[in-house]
Amino acid sequence: MSAPAPPAAKPVYPAKPLRLRLWGSWGKGLSHSPEWWGTASMLLVTGGAGFIGSNVVAGLNEAGRNDIVVNDLLGSDGKWKNLGKRQLADFVPAADLFRWLDGRKLDGVIHLGAISDTTATDGDLVMQTNFVLSLRLLDWCTTTRTPFIYASSAATYGDGTNGFADEWAPSALRRLRPMNLYGWSKHLFDLAVAERHAKGERLPPQWAGMKFFNVFGPNEYHKGPMASVLCRVFDEAKVGAPVRLFKSHKAGIADGDQRRDFIYVDDAVAVTRWLLETPSVSGIFNVGTGKARSFRDMIAAMFKALGRAPNIEYIDMPAAIRGSYQYFTQAEVDNLRKAGYNAGFTPLEAAVEQYVTGFLDRADRYR
């Protein structure tokens, strides 16, 4: 029996970034000659092991960027597999972020890390993670003149009574009434950034918030009940079990016809990358397709991708959530278009087919 390994040394990050000259492919040569010294470029992605974050890292890798630093918590439930095919320049545990940042210069920060569970109830933890930490990172990016792109959420719109227009003047934001703790924490940060802009206070050279609507796609498997309906029902549907959707408890809306703006994760990544590559654009933007589709449409598309007839049953919605259930979301994307984003969005049926045949129905489901 071998002796136990000694305890791991506590990581110590240098106060200043490593200065090296790299040429050719990685590992071919290093020059420590002072005349060639310069700060190595790096891009920080917080929450980079999560659903959207790992897809952003994948997209950047596929575009040739390997100078990516991920800040996240991996835990012990296999979340690391989201990054299993990726190349990173560094990995920073959540608690070490600001110590690691000390003295560094980055090309940009993509801030996707958050507690995104819409059923979360620990207000102190959610606020510390989603609001206070985000403010500290915003301040760091302001001081160091680093572009800052962050994730907001359609949850900031609440029940949709005030519409889904991504107006980000403080007066417009104050009209919104999020329905859960997660949405409120994101709303507070949007409002804090918008207030600074309105008052002419200092901000990063580029700042952009992305109000993600219902994003679905590969690498969401660790999210459990927060994963998309498609992800949650696929395995049972594959073996022949019926898919259960909620009945409607609202006049004029059929069972299963509750609608969401479903956006494939590849499109969310495309918007993120476009913002990163367009430093002249700042603001808060909806990231959705602009077209609401029903849960029934999504599940029917799944069965079509499997080559089967739809097998759907409708069940009563739990009484506890009937009063707060959201029947409709649809992003207004005019502001994103006006800012210059002119790529299309993947139609629901095509996105579902790609997700099912390329990932869910394969032994290796990870991107």
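**View 1. Helices H3 and H5 are roughly parallel to each other.** This is a predicted model. H3 spans residues 123-144 and H5 spans residues 181-198. H3 passes H5 in a right-handed crossing.

View 2. By class, the contact holds 12 nonpolar, 4 polar and 2 charged residues.

**View 3. An open sheet of 7 strands.** The strand order is S5-S4-S3-S6-S7-S8-S13, with parallel pairing. S5 (90-93) and S13 (283-287) are the edge strands, and each pairs on one side only. From one strand to the next, the twist averages 20°.

**View 4. The S13 edge of the sheet.** Strand S8 (residues 207-212) pairs with S13 in the parallel sense. The pairing runs over 5 bridges. Phe212 has Val287 of S13 as its bridge partner.

**View 5. Helices H5 and H1 against the strands.** H1 (residues 51-62) lies across S3 (43-46), S4 (68-72), S6 (108-111) and S8. H1 runs at about 170° to S4. H5 packs on the sheet and touches S7 (148-153), S8 and S13. The direction of H5 makes about 135° with that of S7.

Technical notes. Residues numbered from 1 in each chain as written. Predicted model: local features only at pLDDT ≥ 70, side-chain atom pairs only at ≥ 80, totals over all residues. Heavy atoms only, no water. Axes fitted to C-alpha atoms, helices over the stretch in contact; angles between N-to-C directions. Helix = DSSP H or I, 4+ residues; strand = E, 2+ residues; numbered from the N terminus. Parallel < 35°, antiparallel > 145°, perpendicular 65-115°, else oblique. Left-handed = near helix turned anticlockwise from the far one by under 90°. Nonpolar A, V, L, I, M, F, W, Y, C, P; charged D, E, K, R; others polar. Pairing = 2+ DSSP bridges. Contact = heavy atoms within 4.5 Å.
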